[in-house]
Amino acid sequence: MSETKGSKFSIRDVITVAAMLVINYMIAMVVSAVTLPFSEVYLYGSAAIDGFLGAVFFLVAANRVNKHGLLFVWAFVYGLIQALMGYAFLLPYFLIVGVISELSMIGKNTYRKPIRNMTGWALNSIGNFVGCAVPLWWAWDSYKEMALNSGFSQETLDMQFLMSTHPGLMLLGCAITGLLAVLGVLFGQRLLRRHFQKAGILE
Amino acid sequence: MIMNHSNIRKVEQIDGRTVLLLAVCACFTSFLSTSLLGHGLYMIWLFLLLCYFELFTMGLGMLGVYILSVVWLAINTKYHITFPSPLLFHMLYRLLMPAMIVCLIVHIPSGKLTSSIRKLPIPENIMLILIVMLRFVPTVVHEFGEVKDAMKVRGFLRSIRTVLFHPLSTLEYAIVPMVFRSLKIADELASSAIVRGIESPYKKDSYYIIRLTAKDIFLVMSSTIIAVVCCRV
């Protein structure tokens with residue numbers, strides 16, 4: 001079956017997506033923990049590294065499920081996790097990210113086309129990067145108070161404020177994230193061809 | 001077979017929706033409480049809850065990690081130590097509260113959890129994704145350990161030099177078996193669920209009696225009140 005189906009997700013699809021999401025988020029948590037000691041890497045690189053590493057899992061899910069709504073679900077679940085973490089206002093933001101990413105996948109069989117997957121995944125990753133700045137735009141003062149009480153250094157906060165308010169730096173962050181997400185999809189496609197398609201797991 | 005109520009584990013006696021509400025309370029308190037005192041008090045409340053649900057060892061472990069993180073964070077900020085970053089300990093101690101409730105959720109039978117959540121106004125696919133995700137976390141951790149052992153045996157993790165000089169190969173050796181194993185488990189899980197009629201279009205029922213009892217109401221109300229108090233301290 002090579003056409004992107006418009007029908008609902010089957011139970012197999014749902015469980016595949018859930019399994020890939022779990023691995024993706026666990027890797028994202030490890031990436032956050034490892035990059036946190038280095039403020040610059042954390043601010044500009046963590047979403048990008050997530051985009052690179054998570055691409056393989058997204059591609060496996062995309063090629064297996066091949067149904068519209070996958071990127072929307074991916075972003076929605078991410079937003080839901082953020083909302084549970086106390087950033088409830090991020091849920092509508094991630095819904096918008098999901099819709100935009102999903103719009104880039106309109107068409108037939110798009111979840112099995114490397115270029116379209118690259119576009120969709122890069123948009124989703126850039127959405128994750130911009131999402132880091134949303135709490136700052138939303139309520140900088142309360143965020144600053146909370147952050148200072150929690151042990152954030154003034155330098156880190158200044159850097160975060162500069163990043164989120166300077167369009168050039170935001171563009172730089174978006175470019176790094178987009179680039180690594182694209183490289184991640186290229187790496188993922190290579191793995192798909194070499195292992196998963198050869199083993200007959202994916203078409 | 002009629003089971004004696006006293007033989008059922010305490011965690012199986014409460015409704016899945018109650019535990020989800022406890023999770024929401026824990027998440028909001030963890031991220032909205034501005035004082036360490038309030039945060040610590042709610043952590044103690046969660047520890048007591050875990051003890052009540054016969055998860056004493058797990059609760060004690062988490063409380064220990066929490067105390068360590070808070071103490072380390074205090075030392076970091078007092079002496080302006082930048083490495084390891086205070087952000088790391090901040091993230092750790094904030095995440096421990098939701099993690100404690102996740103431990104509780106993992107101990108509820110999946111059938112009971114599914115039928116409880118089915119009563120909530122959540123799209124079925126999203127609900128299933130969330131349940132499978134919660135169930136998959138321990139599996140992924142276990143599988144990752146197995147893959148790591150296999151990599152060690154085959155000499156792929158022999159030295160840091162090999163890992164640093166061949167990062168993409170190392171990544172490939174780790175990711176590919178991990179995905180293969182996860183897909184296999186996902187397929188088995190899907191087959192099992194289909195056999196038990198999850199795709200049936202008819203209204204689904206459960207072996208478990210899903211209703212909110214006095215215990216559930218007490219847990220939700222006391223947790224909410226304590227959460228509000230802890231956020232205001």
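In this predicted model, the second largest pocket has a volume of about 870 Å³. Its lining draws two or more residues from each of several elements: helix 1 (11-35) and helix 2 of chain A, and helix 7 (124-153), helix 8 (160-165) and helix 9 (167-195) of chain B. In total, 26 residues line the second largest pocket, and those lying nearest its centre are A:Ile27, A:Val30, A:Leu53, B:Phe144 and B:Leu171. Helix 1 of chain A gives the most to this lining, with 7 residues.

A look at the nonpolar core comes next. The largest such core has 116 residues, and the ones with the most contacts inside it are A:Met20, A:Phe58, A:Leu70, A:Trp74, B:Tyr42, B:Leu46 and B:Ile129. Helix 2 (residues 39-65) of chain A gives the most to this core, with 14 residues. In soluble globular proteins, nonpolar side chains tend to be buried together.

A:Arg112 sits in the loop between helix 4 (90-103) and helix 5 (114-138) of chain A. A:Arg112 counts as buried because its relative accessible area is 17%, and buried means under 20%. The side chain of A:Arg112 reaches the backbone oxygen of A:Asn63 at 2.8 Å.

Terms used. Residues are numbered from 1 along each chain as its sequence is written. Chains are lettered from A and ligands numbered from 1 in the order in which they are written. This is a predicted model: local features need pLDDT of at least 70, side-chain atom pairs count only at pLDDT 80 or more; totals for chains, interfaces and linings use all residues. Side-chain values use heavy atoms; hydrogens and water are left out. A nonpolar core is a set of buried Ala, Val, Leu, Ile, Met, Phe, Trp, Tyr and Cys residues joined through side-chain atoms within 4.5 Å. Buried means under 20% relative accessible area, exposed over 50%, partly exposed in between (1.4 Å probe, protein chains only). Helices (H or I, at least four residues) and strands (E, at least two) are DSSP runs, numbered from the N terminus. A polar contact is a pair of N or O atoms within 3.5 Å; within protein, one must be able to donate a hydrogen and the other to accept it, and residues adjacent in sequence count only if both atoms are side-chain atoms. On a 1 Å grid over the protein atoms alone, a cavity is a set of points where a 1.4 Å probe fits but cannot get out, and a pocket is an open set with protein on both sides within 12 Å along at least five of seven lines; lining residues have an atom within 4 Å of a point. Grid points are joined across faces, edges and corners, and a volume is the space filled by probe spheres set on the points.
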